[in-house]
Each structure stands twice: as C-alpha cells, then as structure tokens.
Amino acid sequence: MNSPDSFLQDLLARMSLPEKIGQLTQARIEDQSPEKIQAGLKAGRWGSRILAQTNWAGNLKNKSLNVEEMNAQQKVAVEESPAGIPLIFGRDVIYGHRTVYPIPHCQAASFHPDLVEKACTCVAREAAAEGIHWTFSPMLDLVRDPRWGRVIESYGEDPFLISEMGCASVRGFQGEDPSAPDRILACAKHFAGYGGSEGGRDYDSTDWSDDSLHNMILPPFRAAVEAGIASMMSGFNQLAGRSVSASPHLTRDWLKTQLDWDGFIVSDWGSVNDLIAHRQAETRSDAARLALEAGIDMDMVDALYEEGLAALVDSGELSEALIDEAVLRVLRAKQRAGLFERPYTEPTPDLQRAPEHIAIAVELACQSIVLLKNDGILPLAATHKKIAVLGPYAEARRQHLGSWCLDGRSEDVTPILDALRTQMPDVNFITANAAFTDEMIAAARSAELTLVCVGESHVRNGEAKSIGELALPPGQEAFISALGALGVPMVIIDCSGRYLPIPAAEQYALAILHAGSLGTEAGTAIAKVLSGEVNPSGKLPMTVPRFTGQIPIYYNRKSPGSALNRGLFKGYEDKRVTPLYPFGFGKSYTEFSLENIELSAEHLPPGESVTLRATLRNLGGRSGAQVVQLYIQDAVSIPTRPMRELKGFQRIELEAGASQTLTFELSEKQLGFYTSKGEWIVQPGEFRLALGFDSTAELTHTLHYKNTL
Ligand code: NOJ
C-alpha cells in the first residue's frame, strides 16, 4: 500500500481518539433531533452519513435527498468540527437514480460491459448532482440459488461475467478521477460469499470450499481492486465458521496485504453486531474489536465502534495503531472523492433524466431482454389488427423499477401497453382489468393474439425476500393456462427480476420474452423488441432450472461420476435432469453461424499466446447482435476443474447476410487457476475449447500447454 501523503498524516496527527473513531462511524442521523445532529457534527462524531432508513432494499423513498440540508450539515462538519473533515454521504444508488436502468441481473444479460459502464456514468452524474458521494454498488456476489431474492442485484453465476460487469460499473461510477464533480465512489459488496446463503434464505450461513472461494467468489473482487475500486462492504454471512465481518484472513490478509489494496471496508448494516448472533462474539465490545482487528474500517449504523473502541484502546486491548490505519484509509477515500477541495454540492436539477441518460437506458433495457422461445410469431407482424395486452404488468409502472430503487419515480415509467400503442399505431391494442376476470378471457378471445405480461413484483424479491418455490406468484400459471386453453396465439412477457421456470408458458406460449425489471424505459424497450425495431440479443447470466428441487444447478460445475455423466442414472426418478435453459442462452430474430473455427497453434509455449479465430455470419434476413462465447475445459487436473469455464465473449452486431472474423486470445491467463491456498498456477496439459452461442457449445479444439520450453 502506498504510504499516505503528508496532508493525511498531518490531519491524523491532529485528531483526538474520539474524532478518529468518528471517522470510522457511519450513522443514519435523520431520526435525531436537530440539536443532537448539530452537536454530533460539531464533535466530529460521524465520518459518514448513510442516506437510508432501514437496511432493507427500497428503504427510503425520496425523502432524505435534500441537498440544502446536506450542504448545511457538511458546513458544520467542515467549519465547526475540530479537525474539519467533511462527511461522506453514502446511498444505495444501485442501478439508477431518477433515470432507472435495468436491475444488475438484467444488465448482465446484455453481455455488454461498455454499455453498462455508460449507464453507470449517467447514474453517477445524477446521483452526484444530488449530493451523493458514494454508492453501495456494484454487488459482486456469485449466485447459484435463484430462490435468494438478492439474485436480482447480482451479475449471475459466472466469475468472469461478474468481473467484466463489475469492473465496467466501477469505471462508470468512479471514472478516471473519482474527484470529478460528476463521479461517485463505488463499493464492491458483499465481501465475501454472501451469495451462497444456504437454502436461498437471506442472511443464512455460507460454506464455500477454498477451491470455490478462490476461483469463483474472490476473482470478481480481485478484478474490482485492479479496476481501482475505492471501497468494499463486508457481508452479513458467516463463511466456513467465521463471520466475514471478522475474518482477518479474508480482509486484512488477502484483500489488504496480499492484493495491496488501499481502499477501505465498511461493514454491512449491523453486520458487526451480528457477530453476536453468529456466536463469534459475546459482547458488543468484543464484536467491535474483532471487526476492527480484521480490518473492517467503518462501522455501518450499529454504533459499535462509537460505543466500544475508545475503552478498548484505553484498556490496552486494542492498539491505537489499528485505528489510525483504518482512519487513514477512510481519509484517503475522502481525498479520492475530492471532498477536501469540494465538500459541497452545487445542485444541478436539469441533469436528472437528461435525454442522453434516457437514451442509454433505452439501449441497455433493449439489450437486457432475453428471448427464450420463439416459433416465429415474433417480431409482431405489422398486419395484426387487434392484439390483447393482458396480465398484471400490462399497465404497471412501479414494478419495472425493481426492488432497489430509491429515487426513480413511477410516473417516469412508460407502461408496456402505452409504449406498444406509440410504437405500433396501426394496431388496435386492447386490454382488460389486471385482475383475472372473465373480461380478460373475453378480450383474449376477441383478439388475433395475446401478449401476456406476467411476473414477480418488486415486493417479492430483493433483500430479505426469498421464495421457497421458484415459480410465478400464485394465480399466474393458472391464468396462462386458461388463456392457453383458448387456442389464441400467445406471447409471454415475463417481468420477473429473476429467471423462473413457467411451465404453462412452455406449454402454451409461442414465444417467451424475459424482460425482467428494466427501469424507467421498460415499456419502450419491450415495445421496440416486440415490434422488431430492435432484435433481442440478451443472454442468460444464470442457468434456469426446470423446478425448484434442481437447485443448485449451474453450468460451471464439476464433472459428476460416470453413472450420471453417461446417463446410466438419470438424476431424478420423476424429473428431467437438464436445465430448462442453459447459461449464456438467448435467441434472436435472425440466425447466426460460426464458421471456420481455427486455432493458430495447437501448442501454447509459456509466456506466449495463441488465437482462436472464427467467422460469425448472420444467415437471416434482418440485422442483429450475437454474443460469441469462449469456454475452456481443463481436460485432467488435480484439483479438478469445472466442466466449462467462460473465458471470453464478444457481442457483435451484423447486418443481414454479413459476416465478421473474430479472434480470441488464449494465454496462461485463461488456463490457470487458484489453488485452495489462493496461489495462482498454470498446469501443463490439455485444454478443450468451445466457441459458441451458449454454455452448451461443442468443445471442438484442443490446446496443449507445457509450462517449460
Ligand atoms: C444492507 C444491504 O445488504 C446492503 O447491500 C446495503 O448496501 C446496505 N444495507 C445499506 O443500505
């Protein structure tokens, strides 16, 4: 870690112990009396204010974003507190501010990191204009259990995809220089392993093996460090017998020492206090000590540091040097955010929902849609005269904003029905009451086609919202079946934040479009895709199981024993064993082929690279984009390696009939992995390669690697 500059050192030298502890304390102060707030600010009691009411997703609507009030509080901190250190204001600006982008799970489906970076740049601009210095995003949790409500905040099940998307978001939020007035600090969370909450129950324990930890869970955090992330958040979970908010080997040893990362770690809301719930600490004071010793620099909201650290230093149980180290990290982040030079926010209201922000939101929403099934009914033919748009989300607005949306407004969302009427003015789009009534059936019967907008609402996913059955909310399957029984052609538009199996849709629908929670521009994007103005190109960031009992099922798993592998044993007596849709899958309105796949050499010498080359051709009659994915399989290895690992992807747009040659570089970087001790190794041997359009692509080529010349 670079040694802190003299400005920060001097500042630290002038601070009293309570002031130092103040810098390590993040508080939610809006419930306190104005007198208490003034007194606290003057005393330097808080280094950070979190603009939130509860720890739960969707916690605070608009209310506390009052730039004048925040500037006034800042003025007291800067001008009246002893060390004059500005506050850092943090808020969960997860995937949008006033302009709301798709939820991260849907963003991941775009396989388009550059666009995600652009979206986060716009989000940063809007958030910074309202006084936010620091967002608690991106979430880098690798997920395998869609029952967990927080999958909607994740980039899915693959560490490479998560890393690409996470880094794009860090670049978007922080830019080259996070002190610029239109940038904010990012926070990678939840360090580490929280996505493995057992049974998909939020806040439950996790138990990743060291192999999984180093090769699945930690790589996205390592990538975020390389991308210059300013902060990280430790999770709520315990992992293999220790709470991650007090695991020195993870935070102090791996993150701070081994990676030489100079950012700071904030605990999650109350996660230090949870050391008591986990039975790792007996008292609040013990919990504070264990967390600080582990390298958790700032305590979010539970006031444990404020309450306990001074006495621990006084009694000699805790070294003040550890506190100093944490304070310097927090001060360095404030310096990076430019807070010492520019502590106040100049309100710039006309930045909110600027046309360029909306344009990017439309583009990203379009690219986040995944076409799962299509018998050719989509795109909608211009010849249709009457189409029924039915279901609970035909005219919904709030639903599209997803569950971690604090500042987006329902009135800014264009509902699907309205957007379709604008997009295809010559079609008569009819609807009926959103409840499942006879009128709805009659509307469907009177139309040439029904577009059925179903889904899980934002109140049923996100934090603390897990489901036991991976299915649509009650009634919707029956509704689809009732409409299906009419025999009127049906298209399903699924507005669930996660990817759910919908058996009735599989049975009756001619096409299934997964829209998810696409943000303020949801309706516009869905209408563009349905009409064919935009050709869908999204790909699944997570394997879709056929039924709940199949969880966990993910593409990058280890090879099973031969009985299962060769089909001697079918997996289940009562169900099919294969996923409903594989990772990386998504259809288009056109057809693509990959031709002439060639490897530049069969042997890879150490330190060199080879290229895998292929020609992508658009065989169909309309332009479209395809995501070409590169997978490898380490043929034989101890420890064993996954059946497939995504090592690269390229999203290519092609006009009808056009073709393009693509190249993927392969070097030791793609072939190596981490041992269970976290050491990077590249083993000699054979590596099988697959290039294709989803994770089931055929392994067609073999590369031999020898680690000596
Ligand atoms: C708890 C959540 O786990 C975390 O993701 C969020 O950033 C914090 N609360 C702050 O609201």
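In strand 16, Ala-511 is the bridge partner of Asn-374. This is a predicted model, in which local features need pLDDT of at least 70, side-chain atom pairs count only at pLDDT 80 or more, and totals for chains, interfaces and linings use all residues. Residues are numbered from 1 along each chain as its sequence is written, and side-chain values use heavy atoms, with hydrogens and water left out.

Strand 11 and strand 16 (residues 511-514) run antiparallel and are joined by four bridges. Helices (H or I, at least four residues) and strands (E, at least two) are DSSP runs, numbered from the N terminus. Two strands pair if DSSP finds at least two bridges between them.

The open sheet has six strands in the order 11-16-15-14-12-13, and the pairing is mixed. Strand 11 (370-374) and strand 13 (428-430) are at the edges with a single partner strand each, so one side of each has no neighbour in the sheet. From one strand to the next, the twist averages 20 degrees.

Axes are lines fitted to C-alpha atoms, for helices over the stretch in contact, and angles run from 0 to 180 degrees between N-to-C directions.

| Helix | Strands touched | Angle |
|---|---|---|
| Helix 16 (residues 438-446) | strand 12 (386-390), strand 13, strand 14 (449-454) | about 150 degrees with strand 12 |

The loop between strand 12 and helix 15 (416-423) holds Ser-403. Ser-403 has 4% relative accessibility and therefore counts as buried (under 20% relative accessible area, with a 1.4 Å probe and protein chains only). A polar atom of its side chain lies 3.4 Å from the backbone oxygen of Asn-461.

Conventions. Contact means heavy atoms within 4.5 Å. Buried means under 20% relative accessible area, exposed over 50%, partly exposed in between (1.4 Å probe, protein chains only). A polar contact is a pair of N or O atoms within 3.5 Å; within protein, one must be able to donate a hydrogen and the other to accept it, and residues adjacent in sequence count only if both atoms are side-chain atoms.
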